[in-house]
Amino acid sequence: MHPRGWRPRTLRGRLSLVACAAAALLMVVLTAGFNAVVRQRLQQQADDHLYTRAAAIAATVDTTGARARVVEVPNDDALDADVWIYAGPVRLEAPPGTVPGGPLNRAADTLAADGGRRCATAEAPEPVRLCVQPVTGSGSAPAAVVTARGLAPYRSTADTVLYASLALDAAMLACTYVLTRLAVGRALRPVRTMTEQATAWSTHACDDRFGNARRPDELARLGHSLDALLDRIRAGLRHEQQLTRELSHELRNPLARIIAEVDWWQSRPRSAAETQRVCAAVEDAAQSMRTICDTLLDDARSSSGAHRGTADVRSTLIRLTGRLSPPQPIDVQITQVAGDLTAGVPQALLERTVSPLLDNALRHARSQVRLSACRQDTGIRIDVSDDGPGVPPSFAPELFRPGRRANPDDGHGGAGLGLPLARRLARSVNGDVQHDQGHRPGARFTVTLPAG
């Protein structure tokens, strides 16, 4: 058996056991002390009775002569029972029926010889209490009276008190255990309710909270801690869902490019040069997909937001526009970009930040898309603008929220994830993406990144 198998498995059982153990320890101490006081008090009562009786016997002892003597009084048989009278060391009288040299006579002789006023207990064979009382009077002859009384009635009373107290202790322990279980069960009822709630919430998503109900302060603090934990878990789940949506959104364009190139290649026999061009395009799109996955996963795993590396802004923008196949008659141009402009972020992150803005501009532009970059304070500023209808003022607060689109039925593809992704990537390196609401016509988005 496991050495801890005897312990209760429930918190209520353990607390009840601890309460019973503490109560048992306290009751043992109190019972032992109480019974010690009772036995001491009963013995004191026996001694007082013996001294009173000895004082009555001492009145019959005459010490006026050279030697003490016993004065005979009527009906002294009751007085002579269990009484020894001594004149100095000499025993004048002893209780009738006592054995000469027996334990009682020896105990009485010892008390009388020692002098003074004291008591002793003799086992003969039942316990007997003996007390000696010196006789004081007008005479000078020494005398002493020893009286005896059996302790059996007193000890029987003490034993009865002990058994009664033990029975009371047992009843008190049983009551303590039952009441403790009831009290602890009632106190833990909110915990049981919280457990049932957590079990129910685990089967379906909901926005309920533990801290909404009225509970004791300790459980209320526990509820708030659990609510904070739930919020972190739900935030993590939302982050994972957002990452999945962003991956699918970003992978859609290169995947569509691969499908288009393959369909075009399969539509009729192609020359070796055309086949080579298709393979190069498919390889470039696949490499782009790999870069997208690495960039988003690295950003998701980054806990500090720190990214190392630099990127040449001009070459990166040229690389992005070179991959585009804009619909006619949209003209895409790069303007006002210095040749030595370097961003303090990896090239993949710069591409993934600007690419959603460029795709968004192509979807909404009427005839042209413009890209420009310049140094601003200690960072780099990149502007992406188009001459489309622009962002409706009513939709501006929702612009960077995932899954939101100003007009889902405008005929353009997209899931409303590109702009939130661009902003999240920029902010992960202490940059940002903003919408210029004062730009007319069309829309302009500004990317700020640290300089390299």
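What follows is a short exchange on how some labels for this predicted model are assigned.

Modeller: Ground rules: local features need pLDDT of at least 70, side-chain atom pairs count only at pLDDT 80 or more, and totals for chains, interfaces and linings use all residues. Residues are numbered from 1 along each chain as its sequence is written, and side-chain values use heavy atoms, without hydrogens and water.

Colleague: Why is leucine 182 called exposed?

Modeller: Its relative accessibility is 58%. Exposed means over 50%, buried under 20%, partly exposed in between (1.4 Å probe, protein chains only). So leucine 182 counts as exposed. Leucine 182 lies in helix 4 (residues 152–187).

Colleague: What makes helix 10 largely enclosed by the rest of the structure?

Modeller: Nine of its 10 residues are buried, so helix 10 is largely enclosed. Among them are Gly418, Pro420, Arg423 and Arg424.

Colleague: Why are helix 9 and helix 10 called roughly antiparallel?

Modeller: Helix 9 (residues 347–364) and helix 10 (residues 418–427) pack at about 150 degrees, axes 8 Å apart. Axes are lines fitted to C-alpha atoms over the stretch in contact, and angles run from 0 to 180 degrees between N-to-C directions. Under 35 degrees is roughly parallel, over 145 roughly antiparallel, 65 to 115 roughly perpendicular, the rest oblique. Helix 9 and helix 10 are therefore roughly antiparallel.

Colleague: What makes helix 1 roughly antiparallel to helix 4?

Modeller: Helix 1 (residues 11–58) and helix 4 pack at about 160 degrees, with axes 9 Å apart. That makes helix 1 roughly antiparallel to helix 4.

How values were computed. Helix = DSSP H or I, 4+ residues; strand = E, 2+ residues; numbered from the N terminus.
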